[in-house]
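Reader: Hi! Could you walk me through this one?
Author: Happy to, here we go.

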Amino acid sequence: MDEMTTIIIFGAMGAGLLLVLILAIVALAKLSGMKKRYKKLIGNSAVENVDELLLFMQESINALQEENKQQADALNGIRNKMRTMKSNVAMKRYNAFSQQGSDLSFSIAITDENQNGLVLTGIHNREESYLYAKPVEHGASNYTLTPEEKEIIAQTAAQSQATGR
């Protein structure tokens with residue numbers, strides 16, 4: 001082999017070595033970036049690899065979904081219970097005997113969302129007072145309701161509609 005061929009061979013080998021070195025540096029830079037992303041993905045968790053991390057995350061998601069279902073069930077139970085709470089209240093004072101006295105008589109309606117509850121009516125005159133309690137189911141009663149009692153039952157129905165229950 002002559003000297004020129006040897007120079008060309010060593011030159012080509014040097015160029016190839018330089019190319020391999022550049023590729024190795026690029027690969028190390030990419031590897032460093034991947035390590036940073038991997039550490040960011042793993043974070044401060046106690047898991048060693050991505051497989052364990054994915055399993056841990058899936059278990060966490062399953063636990064959160066179960067907890068969410070339990071909370072939804074509890075919330076539905078509370079909503080159902082609230083429908084039967086006697087939270088609509090209306091009162092009216094009036095003069096039961098127009099010829100005497102003042103507005104000392106009263107009627108109070110206490111109902112739930114379905115208009116079930118009761119009406120309390122107090123009738124007052126000079127000598128005595130009477131208190132009547134009448135059950136209410138779906139806005140009506142088996143007992144005769146006075147116009148004042150019907151009026152306050154209607155007010156409790158309006159309260160229920162206004163609050164969106």
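Reader: What radius of gyration does the chain have, and what would a compact globule of 165 residues have?
Author: The chain has 42 Å, while a compact globule of 165 residues would be near 15 Å. The radius is taken over C-alpha atoms, and the globule rule is 2.2 Å times the number of residues to the power 0.38. Along the principal axes, the C-alpha trace spans about 140 × 25 × 25 Å.

Reader: Thanks! Where do the coordinates come from?
Author: This is a predicted model, where local features need pLDDT of at least 70 and side-chain atom pairs count only at pLDDT 80 or more, while totals for chains, interfaces and linings use all residues. Residues are numbered from 1 along each chain as its sequence is written, and side-chain values use heavy atoms, leaving out hydrogens and water.

Reader: How many helices and strands are there?
Author: Three helices and four strands, in the order α-α-β-β-β-β-α. These are DSSP runs, with at least four residues (H or I) for helices and at least two (E) for strands, numbered from the N terminus.

Reader: New topic: is Ser-141 buried or exposed?
Author: Ser-141 is buried, because its relative accessible area is 18%; buried means under 20%, exposed over 50%, partly exposed in between, with a 1.4 Å probe and protein chains only.

Reader: Where is Ser-141 found?
Author: In the loop between strand E4 (129-136) and helix H3 (147-162).

Reader: And what does the side chain of Ser-141 reach?
Author: The backbone oxygen of Pro-135 at 2.7 Å, and the backbone nitrogen of Tyr-143 at 3.1 Å.

Terms used
A polar contact is a pair of N or O atoms within 3.5 Å; within protein, one must be able to donate a hydrogen and the other to accept it, and residues adjacent in sequence count only if both atoms are side-chain atoms.
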